[in-house]
Amino acid sequence: MSQARQQIRQQKRNIAALAALALCLAAPSVLARAPDTSLRPAPRLAAPAQQDPSEALAQDALAALAATPEVAAPPAPVRVFYNASQRPAPRPQGGLLPRAKAAAKLQPVSAQAIALSLRPPARPSGLKATRKEAKPAVVQAAATVRTPVPQVAINSNIGAVCGSKEIRGRKLAPIPGRINGCGIADPVQVFEVSGVRLSNPARMDCTTAKALNSWTKDAVKPTIGRLGGGISEYRVAAGYACRTRNNQPGGKISEHGKGRAIDISGFTLKNGQTITVLQGWNRKTEGKVLRSLHKSACKPFGTVLGPNSDRFHRDHFHLDTARYRNGSYCR
C-alpha cells in the first residue's frame, strides 16, 4: 500500500510539473490574444465537477499548447493615455513670462486712491525701533483725523529717593489707613536698591528702604558673590498692605500696614536662575546661602522671620524695621 501511494504521489508531481511547463510555453499565445485596451488575464476554463483538479489543469495546459501557432505574433502595444513627449517650457532669461510681464504693468494710481489707502501712523519723534517690538502700530484710515500719539516716558519720575543715590524709586502722596493703625505718612515706592531690582515695586517708608539697601550692599551681594553671575532681582511677595499679622482676624496691625515691612520669596541671579526660600531652604548649597542671608538680615532689620519661625513664613523672608528693647527678633 505504501509503494502504491508513493507511485500515485509521484504521478501527481509529474502531472503538475508538466502543467507548469505547458503554461510557460502557452504564455506568449495568451498575451498575443489579449485585448488592446485591457491588460487582464484570460478566464480560467471551468473544470468538470468530478475530475481531479491536477488532471484538469494538465489537460488545460495541453490544450493551450496544442492551439499555439508555430510562430507567435508579437504582443499588441499597450495604449498610453498621456503624451510623454510634452515637457514644461523653460523660464525665459528675462525673468517673468510674457503674460506675467503684461500683468505687472499696472495702471497709474490716482490721487484719490492714495488718499483713501490705509497707512500706519507716523512714529513719534524720539522713539527708536527695537527688536522687542512685537505689536505693530495701529493702522488708521487716511480720511480719519489723525491725532499724534503722545510720547509716554515710562517711570519718568523715578530717581534717587530717601537721600540715597543707591535707592531708586519715587515719592508718593501720604497713604491713609483703611483701618485704624494703617497708613504711611511719607511713603516711597522702591524699584531698585544698590543695583538689585524689585520684581514688584514695593511701597514703604524711608527707614525700611534704607535697611533694605544696607542689607543688599553689605550682605546679599557679598554672600551670593559670583553664583549665577551675581544677584539681579528680589522676588517680592509683599510690600505695604493694610492688614493684621498673618491675616488673622482680631490680630494686631502688621508692620506691612505701617509701611515698615517687605516679604522676599526668592533671589533671581543674572543667569536667570532663581533661588526660592520654599524649595532652597533645605537644600545643601542653596540652603547654606539662604541661611546666611537670613542671619545677616538681623543687623539692619528689627524683625526677621523665615521658614523656621512658623507655617506662615515657610516660603519667604519677612523683614521689618520694628524695634524692640531687647534688640532684633530673628527666627
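Mentor: Please do; some conventions come before the answers. This is a predicted model, in which local features need pLDDT of at least 70 and side-chain atom pairs count only at pLDDT 80 or more, while totals for chains, interfaces and linings use all residues. Residues are numbered from 1 along each chain as its sequence is written, and side-chain values use heavy atoms, with hydrogens and water left out.

Trainee: What makes up the protein chain in terms of helices and strands?

Mentor: The protein chain has 7 helices and 14 strands. These elements are DSSP runs numbered from the N terminus: helices are H or I with at least four residues, and strands are E with at least two.

Trainee: How is Asn 247 classed, and why?

Mentor: Asn 247 is at 51% relative accessibility and therefore counts as exposed. It is located in the loop between strand 9 and strand 10, and it too has a positive phi, of about 60°, although it is not a glycine.

Trainee: How do you know which strands pair with strand 10?

Mentor: Two strands pair if DSSP finds at least two bridges between them. Strand 9 (residues 231-238) is joined to strand 10 by 6 bridges and runs antiparallel to it; here Tyr 234 has Phe 267 as its bridge partner. Strand 13 (residues 317-320) pairs with strand 10 over 4 bridges, also antiparallel, with Asp 263 opposite His 318. Strand 11 (residues 274-276) has 3 antiparallel bridges to strand 10, one of them between Thr 268 and Thr 274. Strands 10 and 11 form a hairpin with 4 residues between them, and Gly 272 in the turn has a positive phi of about 95°.

Trainee: What makes two rings an aromatic pair, and how many pairs are there?

Mentor: Rings of Phe, Tyr and Trp (its six-membered ring) pair if their centres lie within 6.5 Å; planes under 30 degrees apart count as stacked, over 60 as edge-to-face and the rest as tilted. The structure holds 6 such pairs. In one, Trp 215 and Phe 267 are 6.3 Å apart centre to centre with 65° between the planes, which is edge-to-face. This pair links distant parts of the chain, with Trp 215 in helix 5 (residues 206-224) and Phe 267 in strand 10, 52 residues apart. Both residues are buried.

Trainee: Why is the pair of Trp 281 and Phe 317 called edge-to-face?

Mentor: The ring centres of Trp 281 and Phe 317 are 6.0 Å apart and their planes stand at 80°, so the pair is edge-to-face. Trp 281 lies in the loop between helix 6 (277-280) and helix 7 (284-296) and Phe 317 in strand 13, so the pair ties together parts 36 residues apart in sequence. Trp 281 and Phe 317 are both buried.

How values were computed:
Buried means under 20% relative accessible area, exposed over 50%, partly exposed in between (1.4 Å probe, protein chains only).
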